[in-house]
Amino acid sequence: MRNKLVFVLCLLAAGILCWQLYNVLLNLPNEKDQGAIYRIVYFHVPAIFTGFIGFFIALGASGMYLGTRNLKYDAFAAAVTEVSLTFATIVLATGMIWGRIIWGIWWTWDARLTTMLVCWLIYAGYLMLRRAIDEPTQRARLSAVVSIFGCTDIMIVWKSIEWWRTQHPAPVLSVRDGGGMAPGMESPIYWNWLALMCLAAVLVIIRMRQENMSREIDSLRRMAHSY
Amino acid sequence: MIDQRNFTYMFYGFAAAWVIVTIYVGFLALREGRLRDELERVRRMVEDSGKKN
Amino acid sequence: MGKTSVGSFLSSTVAIASKDLRSEFRTKEALNASFAFSVVILVLFSFAFDPSSEQLQTISGGLLWVVFSFAGALILNRSFARELQNDCLDALISSPAPTGALFLGKAIANFVLLMIVELASLGVFALFYDSRFGAQLLPIALVIALGTWGITVIGTMFSALTVNLRMREMMLPTLVYPLLIPALMAAMTLTTDLMSGTPIGKDNTIWLRVLIGFDFIYSILSVVFIDVVLVG
């Protein structure tokens, strides 16, 4: 049942991504100021949506773990955080490549870039902490607290650098006003977002299965020692 | 704007995104294999020590 | 009932804080090490850039807070780890003092120690780098106090969180510094402004708000979650 779900989600993601890749590369014209490079936005923006949603879900799962003390939530939080960190890495990488062309530099200490980097560092610390603790309930407890502290921190950073210094382009989507994209150019962002969400779901399912497996190993080992 | 360079970097951007996903999937696969081996070994260990007693 | 429980909470907090301060003042180990370390960093900075240049004004805030947060790590690392010997930590946790009081007491002790180190290194900084901030001394002290509370709250919390870990000394800075970024950013901006003679006014009150907000949010979060961290 779970395997079937993984298969369907994979197929869906691959289908949408291929279709949109074709659409973006061959149907859409170059942007008038940026040329071809603007197409990076079709990965950059969906990846950041997916990543941030993941971090928020991880926050919820961490809270649920502390409330219920069910290790399932801990496994879920760990899986979601790890996958979201992968997407955060994609955001940073694609953003830097875009910046190299448009700004002429790989990196700038702009508000959004800094927030993203802080976010990346915090969750990398979270995953490092998990590796440093062997005892499952202690690991779950401590990393849940770190997740809650980290997510709060990102919200503070986000708010506090808003008025700091910004050269990052304003949000381009028309959901918020001031969106500057033509209608046909905007839809691939949403399609790719859907595809990346499916991909993220697949990765989370696989990662969670591993988490369950290692828990089984732990309990078997304890059984072997108790004989 | 130099169009050729622009186009090349767009390609790099797309490639980077996929390379990162691929690396992560590879990392997952490696861990999956390691865990499977480990599980197999521990299972056998439990069976053996169960038989002895 | 409410009144007495608040009273006992406060008295346990004071007891823990004075215990920590007394044992530190007897040996002065962490104080000396941390102060010596900050002086060394301050000296090293003079090689990193021209110490007599105008440029110094614009980076003084950043420089000082780098020193402060490094010095803080030395003190905070030991805060809970010193209780591991002879199972003192278990004794503290099983004592009638609530864990929130244990946390607050330790945070206050760390705050006092770190403030001592910071004010001393601020003097060294003024001496070495010919920085004249006498006119703004009071606001600078306020900013330092607020920033230091931010460092101690996060630092004490994570000192408790990492106390039983194998790689404690490495995990603490890796987790603490990224979380401190908003507080340090605010404190650095304000200190630089004050050092170069700009008072806290309409341009930078926003940073004061960030700093106060950070302290407030994390003080509450820490007191709420310390029980989960220490007890389970």
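**Contacts, interfaces and helix packing**

Visitor: Leaving aside neighbours within four places in sequence, which residues is A187(C) in contact with?
Guide: Two residues are in contact if their C-beta atoms, placed from the backbone, lie within 7 Å. With neighbours within four places in sequence left out, the partners of A187(C) are W65(C), V143(C), G147(C) and L211(C).

Visitor: What should I know about the numbering and the origin of the model?
Guide: Residues are numbered from 1 along each chain as its sequence is written, while chains are lettered from A and ligands numbered from 1 in the order in which they are written. The model is predicted: local features need pLDDT of at least 70, side-chain atom pairs count only at pLDDT 80 or more, and totals for chains, interfaces and linings use all residues.

Visitor: Which residues have the most contacts inside the largest nonpolar core?
Guide: A nonpolar core is a set of buried Ala, Val, Leu, Ile, Met, Phe, Trp, Tyr and Cys residues joined through C-beta atoms within 7 Å. Buried means 20 or more other C-beta atoms within 10 Å of the residue's own, again placed from the backbone. The largest core has 132 residues, and those with the most contacts inside it are A77(A), I154(C), L180(C) and A187(C).

Visitor: Which helix gives the most to this core?
Guide: Helices are DSSP runs (H or I, at least four residues), numbered from the N terminus, and strands are E runs of at least two. Chain A has 6 helices and 0 strands. With 18 residues, the helix that gives the most to the core is α3 (residues 71–102) of chain A.

Visitor: What percentage of the residues of chain A count as buried?
Guide: Chain A has 227 residues. By the cut-off above, the buried part of chain A is 41%.

Visitor: Which pair of chains shares the most contacts?
Guide: There are 2 pairs of chains in contact.

Visitor: Which element supplies the largest share of the side of chain A that touches chain B?
Guide: Here 28 residues of chain A are in contact with 27 residues of chain B. On the side of chain A, α2 (41–68), α3 and α6 (183–226) each supply at least two residues. The largest share, 11 residues, comes from α6(A).

Visitor: How many nonpolar residues are on the side of chain C that touches chain A?
Guide: This contact takes 22 residues from chain C and 21 residues from chain A. α7(C) gives the most to the side of chain C, with 9 residues. Ala, Val, Leu, Ile, Met, Phe, Trp, Tyr, Cys and Pro count as nonpolar, Asp, Glu, Lys and Arg as charged, and the others, Gly among them, as polar. The side of chain C has 2 polar and 1 charged residues, and its nonpolar residues number 19.

Visitor: Why are α5(C) and α6(C) called oblique to each other?
Guide: Axes are lines fitted to C-alpha atoms over the stretch in contact, and angles run from 0 to 180 degrees between N-to-C directions. Helix α5 (residues 99–129) and helix α6 (residues 137–161) of chain C pack at about 130°, with axes 9 Å apart. Angles under 35 degrees count as roughly parallel, over 145 as roughly antiparallel, 65 to 115 as roughly perpendicular, and the rest as oblique. α5(C) and α6(C) are therefore oblique.

Note on methods. A residue is buried if 20 or more other C-beta atoms lie within 10 Å of its own, exposed if 12 or fewer, and partly exposed in between; C-beta atoms are placed from the backbone.
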